[in-house]
Amino acid sequence: MIVIGSGPSGRRAAVQSAKIGKSVLVVEKGRRVGGVSVHTGTIPSKTLRETVLNLSGWRERGFYGRSYRVKQDIGAADLMARLHKTLDHEVEVLEHQFARNAVKTARGEARFLDAHTIEITAEGGEVDKVTAAHVLIAVGTRPFRPDYVPFNGMSVFDSDEIVDLPRLPRSLAVIGAGVIGVEYASIFSALDVSVTLIEPRSTFLDFIDKELIEEFVHELRDRNVALRFGAAVTSITLDARERPVCKLADGRTVHADMLLFAAGRVGATDRLNLEAAGLAVDHRGRIGVEPKTLQTAVPHIYAAGDVIGFPSLASTSMEQGRVAACHAFGLEPPPPPEFFPYGIYSVPEMSTVGMSEEEVRKREIPYECGIARFRETSRGHIMGLNSGMMKMIFSVKTRRLLGVHIVGEGATELIHIGQAVLNLKGTIDYFIENTFNYPTLAEAYKIAGLDAWNRMTRV
């Protein structure tokens with residue numbers, strides 16, 4: 001098996017193949033293994049978030065007031081110190097994992113010569129050819145960089161460059177209210193940077209329950225995050241001091257110290273010479289696959305992770321890599337669970353699993369909702385939480401749990417209780433009859449369950 005790319009899907013496929021005694025080569029063009037996830041995506045952005053929340057004293061402001069800070073003058077160097085430490089550790093763990101499973105690695109850029117042969121060009125220009133019975137394409141994505149955006153690495157950045165920030169801005173404009181844009185906008189807002197979030201559509205994160213989004217938007221507005229929705233950017237120029245100026249279709253102008261362009265990503269497939277292997281990509285450089293097996297149009301070539309498109313989560317990418325490796329070598333992987341969680345590491349966090357209220361209504365399922373506010377829990381009082389909520393949706397007919405939606409501290413951890421009950425086809429009775437540790441935020445499950453139960457059993 002040749003694996004092109006060492007991100008979440010590539011690493012999991014390589015290790016799975018090695019575990020069943022197969023010969024594996026991972027080709028990585030970056031300086032170190034780990035892919036976008038470790039070096040510019042998932043891990044850096046989540047580390048940055050954690051550093052910001054710790055140094056700014058964000059979590060303690062409920063008690064000590066909005067002006068409270070752990071470190072008074074936070075600079076870019078403070079954010080980078082923890083980031084590099086975390087990345088070094090991640091790479092070491094991955095290198096050790098490859099070493100103990102006898103996974104070979106080659107540094108260089110891969111391109112297909114034919115459906116079984118890969119040419120690897122190293123940084124120094126040396127060229128090597130390798131062949132394999134199976135190939136997995138796990139090259140991930142890179143930021144979409146349109147010509148009209150004056151990227152300069154100083155005041156205008158894409159989402160890969162923002163993790164190497166040279167200095168902290170006084171104000172930041174973010175174009176694109178997708179997951180990446182929303183995460184960075186809210187993280188910088190927690191640092192008391194003045195943030196403007198620009199999105200041409202009138203809505204954002206449409207796959208998340210609307211009530212959750214309303215709660216999140218209220219939080220952002222409360223922190224003076226300016227939302228400019230429903231107007232496309234017509235031009236981006238730099239003023240005399242190299243600061244970005246965005247003109248919007250509705251006539252408004254957004255001035256900022258820095259600009260983050262986070263409107264979409266494209267598959268990093270343009271240099272793979274896919275035509276030689278008999279493969280094609282869509283307009284965003286993504287590869288089409290058979291969903292259950294992850295096979296491309298050429299059966300022995302697989303693709304997994306962000307390069308195949310939605311849902312583009314590190315968690316699902318890992319599983320895709322494992323499934324592809326199992327299928328390639330004739331193992332039958334267990335069927336994937338019906339529901340998997342989404343985690344958005346914004347400030348506050350959002351996480352969701354199962355159906356949203358809009359989906360339930362579309363399917364015309366009779367339902368009831370239960371709501372718990374984190375400030376209702378004793379743990380919430382102890383932590384000084386003024387915001388955060390959990391919403392649970394149940395079928396009135398079968399009493400089954402249909403969806404869980406959380407915004408607030410610890411949302412991405414809490415969601416797994418709902419995920420387990422949902423995939424095990426559990427009902428509202430689980431939450432009513434069970435005892436949760438006290439005081440915990442997980443107690444919100446009982447509060448929301450009782451809230452829905454009281455409405456469902458009203459005579």
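Gly 124 counts as exposed because its relative accessibility is 65%, where exposed means over 50% relative accessible area, buried under 20% and partly exposed in between, with a 1.4 Å probe and protein chains only. Gly 124 lies in the loop between strand 5 and strand 6. Its C-alpha atom is separated by 55 Å from that of Glu 358, and the two residues are 234 apart along the chain. The model is predicted: local features need pLDDT of at least 70 and side-chain atom pairs pLDDT 80 or more, while totals for chains, interfaces and linings use all residues. Residues are numbered from 1 along each chain as its sequence is written, and side-chain values use heavy atoms, with hydrogens and water left out.

Strands are DSSP runs of E with at least two residues, helices are runs of H or I with at least four, and both are numbered from the N terminus. Two strands pair if DSSP finds at least two bridges between them. Across this pairing, Ile 120 stands opposite Asp 128 in strand 6.

Strands of a sheet pair through backbone hydrogen bonds, either parallel or antiparallel. The parallel sense is found between strand 1 (residues 2-4) and strand 2, over three bridges, with Val 3 opposite Val 26. Strand 2 (residues 25-28) is covered on both faces: Leu 25 and Val 27 on one side are buried, as are Val 26 and Glu 28 on the other.

Another open sheet has five strands in the order 9-16-10-11-12, with parallel pairing. Its edge strands are strand 9 (156-158) and strand 12 (226-229), each of which pairs on one side only. The twist from one strand to the next averages 20°. Strand 11 (residues 194-199) and strand 12 run parallel and are joined by four bridges, and Ile 198 stands opposite Arg 228 in strand 12. Helix 6 (residues 179-190) packs on the sheet and touches strand 10 (171-175), strand 11 and strand 16 (258-261), its direction making about 165° with that of strand 11.

Helix 5 takes part in two helix contacts, described next. Helix 3 (residues 42-56) packs against helix 5 (residues 76-100) at an angle of about 135°, with the axes 9 Å apart. Axes are lines fitted to C-alpha atoms, for helices over the stretch in contact, and angles run from 0 to 180 degrees between N-to-C directions. That angle makes helix 3 oblique to helix 5; under 35 degrees counts as roughly parallel, over 145 as roughly antiparallel, 65 to 115 as roughly perpendicular and the rest as oblique.

Helix 1 (residues 8-19) packs against helix 5 at about 25°, with the axes 10 Å apart, and the two helices are therefore roughly parallel to each other. In this contact (heavy atoms within 4.5 Å), Arg 11, Ala 14 and Val 15 in helix 1 meet Leu 94, Gln 97 and Phe 98 in helix 5.
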